[in-house]
Amino acid sequence: MPISKKRYIIIGAGASGLHLAIQMAKSTFFRNFEIIILEKNQKNKADKTWSFWEKGNGKWDHITKKQWDLGDIYAQGKRVEMQLKPYRYKTISSLAFYNEAKKILSTHDNILWKQEEVKTVEPKSAEVLVTTDSTTYLADYVFDSRLPDINRIKSQDKNLIYQHFLGWEIETKNPVFDSNCFTMMDYRIKDGETTSFTYVLPFSANRALIEFTYFSPTIVSTKVYEEHLKKYINQILQPKDYTLIDIEKGVIPMSTFPFENDHLPLVQKIGTAGGWVKASTGYSFKNAEKKSLEIVTLMTKGISPKKIKSPLKYRHYDDIFLNVLHEKNHLGEEVFFKLYGKNNIQTLFRFLDDESSFFDDLKIISSVTSMGFIKAFGNHLKSL
Ligand SMILES: Cc1cc2nc3c(=O)[nH]c(=O)nc-3n(C[C@H](O)[C@H](O)[C@H](O)COP(=O)(O)OP(=O)(O)OC[C@H]3O[C@@H](n4cnc5c(N)ncnc54)[C@H](O)[C@@H]3O)c2cc1C
């Protein structure tokens with residue numbers, strides 16, 4: 001088996017691996033290093049729809065499928081409207097992002113993208129041995145987006161819940177969507193007492209992605225999501241007829257599991273595997289971009305990339321929040337209604353982006369304070 005010396009290896013060409021590779025490609029610091037991306041799949045299919053918020057124009061605008069200045073949530077029998085400016089909510093098809101990344105990276109001779117499945121990663125004294133299904137590489141440093149075994153997360157995180165959903169992109173015969181306004185959460189159709197809702201991304205008056213979503217400790221069967229999607233279409237949207245265009249399914253662990261403990265010498269976990277998913281929301285596309293820039297900035301300064309920031313206070317907030325959803329899943333609708341209804345969305349976005357001030361935090365925490373929350377806060381303090 002050939003052994004060749006390489007500098008940086010990125011395992012996985014998903015959101016985190018590609019954001020990181022693109023940031024490295026942009027920096028002159030890495031021009032003389034070899035960067036190898038090892039990805040087991042072809043990445044030629046749209047497997048996810050990534051949405052995120054950011055202020056004004058952004059660097060992915062040319063590949064976004066749609067952007068909104070307006071959003072809403074339906075909860076507790078009311079509609080809360082959210083004027084997002086200066087933020088915009090944006091959606092990208094993962095395929096557009098993979099293609100864009102391939103285009104950018106192909107213009108850099110020092111970056112190689114190989115379709116290989118990584119089997120083992122073994123740190124040696126000064127390098128890391130990475131073995132794939134066809135080759136063995138030596139790397140100076142490895143960024144690894146492979147997920148840990150979910151059972152290990154389960155055994156260590158007593159509050160583990162999942163954001164799990166089935167999405168249908170549908171086209172309706174008559175116009176039923178307001179294409180200017182996306183729906184973050186609609187609780188008018190729910191599965192019993194669970195925290196479950198519909199998320200709607202309207203691309204036009206006749207076309208939208210609608211996802212029946214749970215934030216809950218247990219996954220349900222496909223049939224259950226389908227039943228709720230049908231209910232939402234028939235009872236809320238009421239189109240004359242519709243066609244199913246595409247399907248998206250996902251399970252995202254919402255966990256404050258200490259993913260960073262899985263780093264090894266010269267091996268850094270990134271993406272979902274590195275704890276880059278915001279535990280209380282399941283969002284990470286934008287965070288992966290932010291963290292990748294942070295990594296590259298640290299490396300160009302000769303600082304270990306493992307020193308990226310992970311403010312402890314947000315982990316505590318996420319812990320409290322997840323404890324409530326885990327122990328009292330029926331409270332989700334009320335908590336989110338208060339969260340979105342009593343705070344301005346700009347403050348909330350800062351909070352969810354881990355960029356809020358102490359006063360923002362106080363305001364947000366007091367807005368959702370209920371007996372469930374106070375108990376969870378007590379439980380959390382006891383566990384510290
Ligand atoms: C359906 C879905 C929708 C989502 N929507 C949003 C959203 O709207 N907004 C948002 O912010 N977040 C969203 N997320 C959460 C999160 O942003 C994504 O999961 C994101 O893709 C995580 O990035 P990642 O790099 O950690 O993992 P991935 O993007 O999954 O990338 C990991 C890559 O590693 C590869 N790989 C795995 N094992 C090996 C191996 N042994 N060898 C080589 N390659 C390997 C995989 O093939 C994959 O390409 C969504 C998640 C899902 C599942």
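Helices (H or I, at least four residues) and strands (E, at least two) are DSSP runs, numbered from the N terminus. Residues are numbered from 1 along each chain as its sequence is written. The model is predicted: local features need pLDDT of at least 70, side-chain atom pairs count only at pLDDT 80 or more, and totals for chains, interfaces and linings use all residues.

**Stop 1: a strand residue.** Select strand E3, residues 35-39, and pick out Ile 35. Ile 35 is buried, because 22 other C-beta atoms lie within 10 Å (20 or more means buried, 12 or fewer exposed, in between partly exposed; C-beta atoms are placed from the backbone). Beyond residues up to four places away in sequence, Ile 35 touches several others, including Tyr 8, Ala 21, Met 24 and Phe 30. Contact here means C-beta atoms, placed from the backbone, within 7 Å.

**Stop 2: two helices.** Select H1 (residues 15-26) and H5 (residues 285-300). What is the angle between H1 and H5 where they pack? About 40 degrees, with the axes 8 Å apart. Axes are lines fitted to C-alpha atoms, for helices over the stretch in contact, and angles run from 0 to 180 degrees between N-to-C directions. H1 and H5 are therefore oblique to each other (under 35 degrees is roughly parallel, over 145 roughly antiparallel, 65 to 115 roughly perpendicular, the rest oblique). Colour the residues that meet: among them are His 19 and Met 24 in H1, and Phe 285 and Leu 293 in H5.

Definitions and conventions. Two residues are in contact if their C-beta atoms, placed from the backbone, lie within 7 Å.
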